[in-house]
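I opened this model to look up a few side chains and their surroundings. My notes follow in the order I took them.

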Amino acid sequence: MIDARRSGWPVARSSAHESQRNDHDVRYPDRLVAEYTSWVVIVHPKQMTLGALIVACTEDVTSLGTVSPIAWSQFAQVSADVEDTLSRLFAPEKLNYLALMMVDPHVHFHVVPRYADTRTFGAREFTDAGWPALPPMTATHDLVPGEFTSLGTALRAAWPVRAEVHIPS
């Protein structure tokens with residue numbers, strides 16, 4: 001198993017990606033929302049839509065077919081917690097799960113809440129530039145660190161409390 005905190009997952013691993021960093025980057029573990037035995041839930045660094053997350057498998061696997069049955073069984077609870085939390089906080093019309101694994105080959109899903117109407121969080125308005133078609137992978141809402149902190153805090157506070165889930169404070 002990969003220890004997500006030590007591996008840098010899902011922080012960019014290559015020097016090419018590191019050179020693209022800027023002062024507004026918020027790196028793991030600041031983005032950690034919840035940690036399960038086989039999965040971590042992280043605030044997506046690019047908010048395509050409000051509440052975009054990454055759900056990453058902590059096993060050292062690079063294809064969906066090699067994820068263990070134990071991890072897949074836990075994924076059902078992880079996705080239920082994702083859906084419950086985002087529904088209560090932001091009321092998306094839909095949630096899209098995308099398993100692209102192009103930049104980072106390790107198994108992970110981009111969770112993109114989808115909205116027909118504008119949502120407001122803090123002082124910022126968020127629109128879904130792709131609604132009702134494909135998710136807006138390149139149209140992002142760039143958050144500053146304070147906004148990332150507020151979003152992460154709101155997600156962690158709303159996350160279901162379970163004995164098997166670690167929610168950082």
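I note at the outset that this is a predicted model.

Entry 1, Asn-96. I began in strand β4, where Asn-96 is found. Its relative accessible area is 18%, and I call Asn-96 buried because the cut-off is under 20%. I then looked for a polar partner of its side chain and found Arg-114, in a polar contact of 3.0 Å. Leaving out residues up to four places away in sequence, Asn-96 touches His-110, Val-111, Val-112, Arg-114 and Pro-135.

I moved on to the loop between β4 (94-98) and β5 (108-114), which holds Met-101. Is Met-101 buried or exposed? I read a relative accessible area of 17%, and Met-101 is buried. Beyond its neighbours within four places in sequence, I list Thr-62, Leu-64, His-106, Val-107 and His-108 as its contacts.

I found a nonpolar surface patch of about 430 Å², made by Leu-100, Met-102, Val-103 and Met-137. I located Met-137 in the loop between β7 (124-126) and α4 (145-158). Met-137 is partly exposed, at 31% relative accessible area.

How many salt bridges does the structure hold? I count five, and I looked up several of them.

Asp-84 and Arg-88 meet through their side chains at 2.9 Å, N to O. I note that the two are four residues apart in helix α3 (residues 69-90), so about one helical turn separates them. Asp-84 is partly exposed at 31%, and Arg-88 is also partly exposed, with 48% relative accessibility.

Glu-93 and Arg-119 form a salt bridge of 3.5 Å, N to O. This pair links distant parts of the chain, with Glu-93 in the loop between α3 and β4 and Arg-119 in strand β6 (residues 119-121), 26 residues apart. Which of the two partners is buried? I find Arg-119 buried, with a relative accessible area of 14%, while Glu-93 is partly exposed at 39%.

Glu-147 and Arg-124 make a salt bridge of 3.0 Å, N to O. Here too I see distant parts of the chain linked: Glu-147 lies in helix α4 and Arg-124 in strand β7, 23 residues apart. I record Glu-147 as partly exposed at 24% and Arg-124 as partly exposed at 23%.

Definitions and conventions: Residues numbered from 1 in each chain as written. Predicted model: local features only at pLDDT ≥ 70, side-chain atom pairs only at ≥ 80, totals over all residues. Heavy atoms only, no water. Buried < 20%, exposed > 50% of the residue type's maximum accessible area, 1.4 Å probe, protein only. Contact = heavy atoms within 4.5 Å. Polar contact = N/O pair within 3.5 Å; in protein donor to acceptor, adjacent residues only side chain to side chain. Patch = residues over 30% accessible without salt bridge, like charges linked within 9 Å, V, L, I, M, F, W, Y side chains within 5 Å. Areas by Shrake-Rupley, 256 points an atom, 1.4 Å probe, with all protein chains shown as cover. Salt bridge = Lys/Arg side-chain N within 4 Å of Asp/Glu carboxyl O.
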